[in-house]
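This report is written for a reader who is meeting a protein model for the first time. Please keep the sequence and the three-dimensional view at hand while reading.

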Amino acid sequence: MAATEEISTGYLNAEDAAALDAELMSTPGFSLEQLMELAGLSVAEAVYEVVVTDRKEGINDEAGRKKHVLLVCGPGNNGGDGLVAARHLVHFGLDATIVYPKPSSKTHFINLIQQCKDMNIPILDEIPTQNRPRYDVIVDSIFGFSFRGTAPREPFATAIQQMVQLKQSPLLSSVSSSSDHPILISVDVPSGWDVDGGDLTGTGFHPDVLVSLTAPKLSAKKFRGRHFVGGRFLPPAIADKYGIRMPCYPGVAQVVELS
């Protein structure tokens, strides 16, 4: 459901975001796997709301083709959120393709990849440049709140440039569509942005939608577009400690639109 007015939640700087995460995973507390599952589910729900619920078109386009989500995932926890989201999106009835240029060797990430393979989700090393299918949505899940405002390194610098190009490319379809271009959605922080300062290096990377996790980061103040937050797992005492005002999540929703 779209927000009728802007909801204020407060913001986290990079240092507090890391400290809050560590506090959530203190013992006893959440495990990394639990938080990643909850975050990825939130991302998937936001994607579904943007591409299916709001358009009232169903999961298929007018040609009967399932809507297709391209998820570009980094090697860290932000990338893990994208891997989880891909699995949920397929369970929601959409098609998904994962681009995973630099796989992690950690056991949990290996398990996530296997779970996606078990769902028959294609996993690629890079974004296709030729003979690629139509992507209705591109999910940027490369860098999280640990990124600092330096120029991204390869292979991610190229991936970011390609996502910008895809966003600007007309959708290939034989029928009319309610959107002429793919929708670009960033997870937590747009990749290449400084967590506190925004697009300090002038990447020109500006997604249409931002899905903040736990709470918006300071860089979200520079974002212009649809803004969701997913953090329905945050204990009240920790929210109060870090100055976060929890939004009212409707029903069983894991995300809420802020603006």
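The model is predicted, so local features need pLDDT of at least 70 and side-chain atom pairs count only at pLDDT 80 or more, while totals for chains, interfaces and linings use all residues. Residues are numbered from 1 along each chain as its sequence is written, and side-chain values use heavy atoms, with hydrogens and water left out.

**The largest pocket**

A pocket is an open set of points on a 1 Å grid over the protein atoms alone, where a 1.4 Å probe fits, with protein on both sides within 12 Å along at least five of seven lines. The largest pocket holds about 480 Å³ of space. Its lining consists of 27 residues (those with an atom within 4 Å of a point), and D21, N77, N78, D81 and F145 lie nearest the centre. Two or more lining residues come from each of α1 (14-24), α2 (32-53) and α3 (77-91); helices are DSSP runs of H or I with at least four residues, and strands are runs of E with at least two. Helix α1 gives the largest share, five residues.

**The cysteines**

A disulfide is a pair of cysteine sulfur atoms within 2.5 Å, and the structure holds zero of them. For C73, which is in no disulfide, the nearest cysteine sulfur is that of C116, 7.8 Å away. C73 is buried, with a relative accessible area of 0%, and C116 is also buried, at 0%. Buried means under 20% relative accessible area, exposed over 50%, and partly exposed in between, with a 1.4 Å probe and protein chains only.

F30 is partly exposed at 23% relative accessibility, whereas F233 is buried at 11%. Y48 in helix α2 and F92 in the loop between α3 and β2 (95-99) are 44 residues apart.

Technical notes: Grid points are joined across faces, edges and corners, and a volume is the space filled by probe spheres set on the points.
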